[in-house]
Amino acid sequence: MSELKKVSSNPHIRSKVTTSSIMLAVVVALLPAAGFGIYNFGLDALILIAVTVATTVITEYTYEKFMGKDITIGDYSAVVTGLLLGLNLPSTAPWWIGAVGGVFAILVVKMLFGGLGQNFMNPALAGRCFLLISFTSIMTNFDCDAYTGATPLAALKNGESVNVLDMVIGRTSGTIGETSMIAIVIGACFLVLLGVIDLRISGSYILSFIVFLCLFGGHGMDAAYISAHLAGGGLMLGAFFMATDYVTRPITKAGQYVFGILLGCLTGIFRLFGPSAEGVSYAIIIGNLLTPLIEKATLPKAFGTKGGKRA
Amino acid sequence: MAKLTFVGGIHPFDGKDMSKDKPIKEALPKGDLTYPLSQHIGAPATPIVAKGDHVLTGQKIAEASGFVSAPVYATVSGTVKAIEPRRVVTGDSVMSIIVENDGLYEEVAYSPINSLEELTKKEIVERVKEAGVVGMGGAGFPTFIKLSPKEPEKIEYVIANCAECEPYLTSDYRRMLEEPEKLVNGLKIMLSLFDHARGILAVEDNKPDCIAILKELTKNESRISVKALKTKYPQGAERQIIFATTGRSINSSMLPADAGCIVDNVDTIVAVYHAVMLGKPLMNRIVTVTGDAIADPRNFIVRIGTNYHELVEEAGGFKQEPVKIISGGPMMGFAIFDLDVPTTKTASALLCMTQDDVSKMDSTACINCGKCVEVCPGRIAPRRLADYAEHYNEEAFLAENGMECCECGCCSFVCPAKRPLTQTIKSMRKIQLGKRRKK
């Protein structure tokens with residue numbers, strides 16, 4: 001043994017979980033929702049998803065190449081952003097909407113703030129909100145071949161009756177990936193089983209939203225009304241896939257509950273009292289902005305700093 | 001019943017199967033022995049032999065210099081060849097006494113006792129001090145100091161740390177299987193010093209055979225109980241094992257005695273037994289020689305001072321070229337450049353691995369996943385602290401309890417971005433500890 005061995009400070013072993021394995025798991029978990037969206041809305045949906053994914057990946061690559069940085073598209077985080085953005089568009093949107101949204105999400109929200117881990121808002125949601133404000137009529141046009149008329153949530157808001165079973169399965173109008181509660185929950189279960197996400201945020205988000213509905217919804221504890229709200233709009237997709245985005249949610253356990261409850265209340269306010277029937281996207285990006293504050297206020301108490309005995 | 005444990009922690013691949021089923025074998029040294037004068041926390045020992053002196057097995061060759069210090073004994077008979085700096089596992093050069101082994105193992109006469117009643121409490125502690133017993137779990141804190149707290153009547157628990165939560169290590173396991181009486185008797189000696197204390201043998205539940213043996217041995221001991229702990233790293237960390245067994249929590253600026261506890265590891269308690277009952281100084285320890293590069297992984301009883309080269313030979317040499325060699329466990333051990341270092345009082349294992357996770361994986365941007373916060377047994381936020389350390393933001397580092405880090409390595413282990421969190425926090429802690437000392 002002539003040559004010297006490698007040395008480094010402890011610990012000397014690492015878990016097998018990597019950033020790319022986590023992101024890949026999220027991509028896989030989104031496939032049921034994407035698949036159902038394509039089945040539900042047809043080729044338009046497929047094209048839009050393809051455009052958003054391609055745009056986000058190419059934007060990240062081009063920016064990094066141009067700025068002389070390490071190329072990081074191999075970590076699949078741009079794919080996740082593209083996929084989420086695509087799932088958040090109406091199938092009727094023209095392809096360039098996807099491209100504009102993708103460039104905005106990656107270039108402005110992610111890369112200009114320092115790339116992966118540095119963005120202060122969820123890029124896909126920020127991209128969607130940008131499109132919603134800039135191209136409102138395109139982004140709220142849900143009249144496609146399969147469905148015409150208002151989305152179930154808008155119908156609900158107008159006091160019309162909705163078919164809850166169709167909403168749970170996903171046979172309704174809406175954005176490409178949000179309609180099927182079942183497909184989204186299947187993907188979410190996969191992530192929970194893998195340990196990629198836990199239910200602290202999603203659970204407290206959904207529960208606090210239900211409480212908010214009961215208190216202020218005007219229907220009391222009407223199960224049909226509440227289930228329609230749960231299955232409708234972007235709540236499921238938002239609660240399981242976007243509120244849980246690592247980068248933009250608090251890192252502390254207590255902070256995650258606070259964050260979830262905040263989102264539940266904001267979503268309730270926007271859906272019940274706002275002009276639009278939807279509110280998940282705005283609730284989450286506002287929550288994102290409060291993340292640093294929540295995190296700081298909920299830092300855990302270091303072990304043993306209180307002293308004393310366990311009860 | 002909920003299992004006894006703590007919040008946080010990880011479950012790494014434990015690798016214990018490689019070496020756990022083979023009995024302990026004696027490894028007699030052939031070449032020179034090297035005795036670093038600093039194998040413990042505190043002042044280095046002062047040599048009391050000179051070059052050319054003949055020494056016997058069990059002869060004191062360096063004495064404690066100061067209160068926090070420990071003497072060193074020769075573990076073979078032979079001639080003092082040199083007193084010079086030699087490299088140890090941490091990479092530092094430490095003044096060492098080198099003894100040429102004459103292979104005769106001529107031994108000094110020890111002064112055993114027949115029963116513990118022959119000694120006063122003071123004499124018991126004195127015997128432990130004279131024998132050079134230090135914490136053999138890795139810290140190397142002189143044991144006699146732990147055994148002489150300011151208020152001995154306030155000690156309520158003496159905890160035998162039999163968790164052995166580090167992956168790959170099986171030395172405590174083998175000791176508990178093969179010589180459980182020594183462990184129990186050592187614990188009884190320690191209990192004799194504290195009238196109000198109860199003894200706890202705290203074993204992780206991946207060692208049910210040890211739990212059964214120890215329960216059987218202590219069934220008539222009203223002051224000793226065996227407690228099964230959940231298997232999870234770092235269950236054997238001092239603060240975590242105190243919490244798991246007694247529900248008490250201490251922080252980094254407290255001593256276990258502040259919570260009425262004394263914690264010692266298996267080998268240390270056996271060394272106390274040898275020191276008090278047999279009058280024998282600390283001369284050997286059990287070392288797990290293992291890893292996928294080792295032909296015949298197993299445990300050895302090793303004389304302190306034995307070169308690591310000899311241990312690898314005893315274990316059948318390398319079956320594959322190792323890439324990384326670690327003295328101690330993979331979570332808290334020291335990576336070493338080469339094998340030319342001596343076994344010290346605190347060397348629990350020699351782990352030879354054919355791959356290095358650290359150099360294999362580049363660190364990338366933090367994605368804020370929060371896994372480090374989840375696993376941190378110190379309940380601090382490693383991600384934030386590492387950030388402060390990188391930017392040398394002392395104020396925030398201290399305000400968010402950076403000093404409470406126990407350097408267990410859980411955060412670096414789980415990090416999906418493979419960031420060196422423990423390492424970064426550790427270097428900031430070192431700077432801060434240095435500053436405190438200056439004040």
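This is a predicted model: local features need pLDDT of at least 70, side-chain atom pairs count only at pLDDT 80 or more; totals for chains, interfaces and linings use all residues.
Local features need pLDDT of at least 70 and side-chain atom pairs pLDDT 80 or more, while totals for chains, interfaces and linings use all residues. Residues are numbered from 1 along each chain as written, chains are lettered from A in the order written, and side-chain values use heavy atoms, without hydrogens or water.

**View 1. Helices H5 and H8 of chain B pack against each other.** H5 (residues 180-192) and H8 (residues 266-278) meet at about 70°, with axes 8 Å apart; helices here are DSSP runs of H or I with at least four residues. The two are therefore roughly perpendicular (65 to 115 degrees). From H5(B), the contact (heavy atoms within 4.5 Å) includes B:Leu183, B:Leu187 and B:Met190. H8(B) contributes, among them, B:Ile269, B:Tyr273 and B:Met277. By class, eleven nonpolar, three polar and one charged residues take part (Ala, Val, Leu, Ile, Met, Phe, Trp, Tyr, Cys and Pro are nonpolar; Asp, Glu, Lys and Arg charged; the others, including Gly, polar).

**View 2. B:Cys411 is in no disulfide.** For B:Cys411, the nearest cysteine sulfur belongs to B:Cys405, 6.4 Å away. B:Cys411 is buried at 10% relative accessible area (buried means under 20%, with a 1.4 Å probe and protein chains only). Another buried cysteine is B:Cys352, at 0%.

**View 3. A:Ser91 sits in a loop of chain A.** This loop joins helix H3 (77-87) to helix H4 (95-110). A:Ser91 is buried, with 6% relative accessibility. Beyond neighbours within four places in sequence, A:Ser91 touches A:Phe41, A:Asp44, A:Leu48, A:Cys144 and A:Ile176.

Definitions and conventions. Axes are lines fitted to C-alpha atoms, for helices over the stretch in contact, and angles run from 0 to 180 degrees between N-to-C directions. Angles under 35 degrees count as roughly parallel, over 145 as roughly antiparallel, 65 to 115 as roughly perpendicular and the rest as oblique. Buried means under 20% relative accessible area, exposed over 50%, partly exposed in between (1.4 Å probe, protein chains only). A disulfide is a pair of cysteine sulfur atoms within 2.5 Å.
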